[in-house]
Amino acid sequence: MRQRFMTVIIVAIVAVLMLARWGANLYTDWLWFESLKYQSTYLTIIFSEIGLKIVVGIAVFILLFMNLLPTRSRIMKAANMGRVIEDEDNVINLYRAPFSKYAKSGPILALYLLISLIMAFFVSTAVAGDWVVLQKFLHPTPFNITDPIFDKDIGFYVFQLPFYEFLYRLFVWVLFLVAFWVAAAYFVAESISGGQGKSFLKSDAARYHLSALAAVYFMARAFGYRLEQYNILHSAGGIVYGPTYTDIHANLLAYKILFWVSLVVAVAILVNIFMKRFRLVLYSIAALVIISVLVGGIYPVIVQKIVVVPNELNKETPYIENSIKYTRMAYNLDEVVKKDFPAGRTITADDVRNNMDTVENIRLWDYRPLQQTYAQIQEMRTYYELKNIDVDRYVINGEYRQLMLSPRELNQEQLPENAKTWVNQRLKYTHGYGIVASPVNKVTTEGLPQLTIKDIPPVTGSDIKVERPEIYFGESTDDYVIVNAREEEFDYPKGDENAYTMYRGNNGVRIGSLLKRVMFALSLGDYKLLLSSEVTSESQVLYYRSLNQRVPKIASFLKFDKDPYMVIEGGKLYWIWDAYTTTDMYPYAEPFEGGLNYIRNSVKVVVDAYSGVIDYYISDDSDPLIKSYSSIFPDMFKPIADMPAGLRSHIRYPEDMFMVQANKYLTYHMEDPVVFYNKEDKWNLPAEIISGNQKNMEPYYTIVKLPGESKSEYIQILPFTPHKKINMISWLAGRSDGENYGKLLLYEFPKQELVYGPQQIEARIDQDSYISQQITLWSQKGSQVYRGNLLVIPIKDSLLYVEPLYLQAEQSKMPELRRVIVAHGDRIVMEPTLDEALNKLFGKGTTAQETPMPQGQQPQPGTIIDTVKGLAAEASRIYEDGQNKLRAGDWAGYGESTRKLKEILDDLSRRTAD
């Protein structure tokens, strides 16, 4: 008895703690949403989710309990009857099941209530994530486009149909659950009466009850067939995605026939309740199975083989046209503007000089080696992390320039082991600090990036200022921290000492009362928060600090780009993250990865890296999905016009969406159904060599002056090649600036002319005797040669190909940019700088050659000297540096200086020979 009592006490304590933890999570989430001014969003989510759970739970409870009630009398009757048996001595006894004494009205009712409650709880928990389906059903927006088969607005498939399917699946699932427990109840009744259990179906009550449930199931199945006929618009087994000739003339007919047959079976089962002819039920179900096989399996195969295959193109043409049309609309490919690009013309020195905005923004730094270099020269301490490299554009000293940027975040996992205390991780090391930035084409004499923003505190070499460098919210900030405690936070390292600070934001959640502290201790699972004397009532808790937690916490119904990027504006740091509205229910549209077949970049998310404030801006107000979400959450979204102009100048065509569209356009640029059917003009993504391995080319951002345009603009580019060929046939551009934002341009090359593709340029680089010899020589001297991104740069009406070359010593993790390969037409050159390569390719004086600045110095605008003189000065500097290392006994450093000196002397020898 005492053991049972202790067990009850322990179970009660665990249940109370779990309930308290759930309540604490609910309360602290409310406080978090309130701190960001999204209370109404939170209430909508909570009421939708809990409301759906309650409605479903009540429905399941009533349905199950009401079906179990009729079985109660059967169990009680069986328990009272018992069974007469005769033993070996012919003595007559009345047998009763061991548990028949519990078969009374009260215990049975209590058991039924408990079973119904438990099942209702589990079912309601399972539907928690379907609140979005419900809300979209309640707030539909028409697409004003109808499908070609049922003539229904696309909005029906996106907003209504998913809810009907949800109801159908839920009802069938619950029906099976009810049938299981009802059958179990009759089985128990038969067992109590002393029967074999399995004979319970012979009972009239059981047969009538289960027959009624079976009839309801087949009625529901008829409704399911009606829904499945709409899903034929997502048929994936034909020549194109979506319904084909066989689907429309055979499979659709099958669903209509099976709809009526299911209803007939349901009626037959109901009739059988009164006629008591079980064979009628068996015949009806058998007929359904046979008809299903005939019309749903055999007949479509016959139609396909006899009608379609002999005349496939003729039969399938209208369905191919549908697939092309609706796939293009789903991915916005019908808005692509096509233009011709001659490409066969030769660039002159004047063309280069007239397009210096393009030339000076050619990205020489591949983000992969640059990330390693940044880590070596700018992480400063082990706990700092330059996680990602972003590319963006800024107006620097009056010029439109691309920058490579990387925020310096703090990763608590990289703190020294003895420093991983609760105080350090929660109160001291709370934020990252600053950002590193460098122009995409600037290099120091050491082959390192020429930093525009560097060091701690940030030092800038331009008019871009960073006045609020602290990063409390980012990609590496996974844990919660407490700010405004009794002691100051660590701000940044300052020589042998550290600088300290106090958080000045007010968007954290203030600790306040003891009750709040208890709630946080429960929800965060950290009792030390409750006990720490460092935490005061004025302290703020910053949680959900990671962008991957923070942004989807409010808008879980959106999909997000793989990589948010940091922006400097007004001296502050902001994150911009592209968000997408998607669905998998767009008719006739071929899906991309994950099964989704519609995408729009309808939202731009801005997060203040210091305060954590989040703003959601609508960037595509023509999207019906974002209109529905705006109706569901009227206080969440803002028009893009409300975004500050400085931030708006940094929005860009998103990477993931551009890649999805590009992959679809490889096939769906073909609008002629005959060409599409034969795949006569299918395209591929080109390949390039990255670090010795062949990979598909990635899209890249650059600043160019497009043909026919008066000024340069920021675009994203990806070339295309014909299927199974490696010459280039076109290139796709996503525009990012001003009124042209969001537009796609396709530049097509003349098909009768050869335009070198990236893979052909890579082959020519490998075949060039001088370049291949140099690469082999460097590799033999213990250096690893890293070939960066090959960029195809449009200049006027022709193309320039640029590939950077990096060297990395075996003992070093710091790649250095040492050569730039440039190709145009039939010529290919490799030089230490892009300017030298262009001058060699198009003649001296094509560009003004800037002197590479030593690491640590900032260039002075307009500094131009002779290349040979600059190399001679660099050789002298490296020689003195090598002698100093020799005197200090640094043999490895001396060897590295000797290697660099040999390279420069080789260059000098070649220059003077020329």
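Is glutamate 831 buried or exposed? I started with this residue in a model that is predicted.

**Entry 1: glutamate 831 and lysine 840**

I looked up the accessibility of glutamate 831 and found it buried, at a relative accessible area of 2%. Its salt-bridge partner is lysine 840, and their closest N and O atoms are 3.2 Å apart. Lysine 840 is partly exposed, with 40% relative accessibility. I noted the general idea behind such pairs: side chains of opposite charge can pair when their charged atoms come close.

**Entry 2: helix 23**

Among the buried ones I listed Leu834, Asp835, Glu836 and Ala837. Leu838, Asn839, Leu841 and Phe842 are also buried. After the helix comes glycine 843, and I wrote down its phi as positive, near 110°.

**Entry 3: two further salt bridges**

I then checked glutamate 762 and arginine 787, which form a salt bridge with closest N and O atoms 2.6 Å apart. Glutamate 762 sits in helix 21 (residues 758–767), while arginine 787 belongs to strand 31 (residues 783–787), so this pair ties together parts that are 25 residues apart in sequence. Both glutamate 762 and arginine 787 are buried.

The next pair I looked up was lysine 420 with glutamate 417, where the closest N and O atoms lie 3.1 Å apart. Lysine 420 is partly exposed, at 25% relative accessible area. Glutamate 417 is exposed, at 64%.

**Entry 4: the count**

How many salt bridges does the count come to? I got 32 salt bridges.

**Entry 5: nonpolar cores**

Last, I turned to the nonpolar residues. The largest nonpolar core has 196 residues. Which of its members touch the most other members? I noted Phe557, Val605, Tyr616, Phe720, Trp731, Leu800 and Val822. Helix 5 (residues 154–192) gives this core its largest share, eight residues. There is also a second, separate core of 30 residues, and Ile108, Met119, Ala120 and Val182 are included in that one.

**Entry 6: looking back**

Glutamate 831 is buried, whereas lysine 840 is partly exposed. Glutamate 762 and arginine 787 are both buried. Glutamate 417 is exposed, and lysine 420 is partly exposed.

Technical notes:
Residues numbered from 1 in each chain as written. Predicted model: local features only at pLDDT ≥ 70, side-chain atom pairs only at ≥ 80, totals over all residues. Heavy atoms only, no water. Salt bridge = Lys/Arg side-chain N within 4 Å of Asp/Glu carboxyl O. Buried < 20%, exposed > 50% of the residue type's maximum accessible area, 1.4 Å probe, protein only. Helix = DSSP H or I, 4+ residues; strand = E, 2+ residues; numbered from the N terminus. Core = buried A, V, L, I, M, F, W, Y, C linked by side-chain atoms within 4.5 Å.
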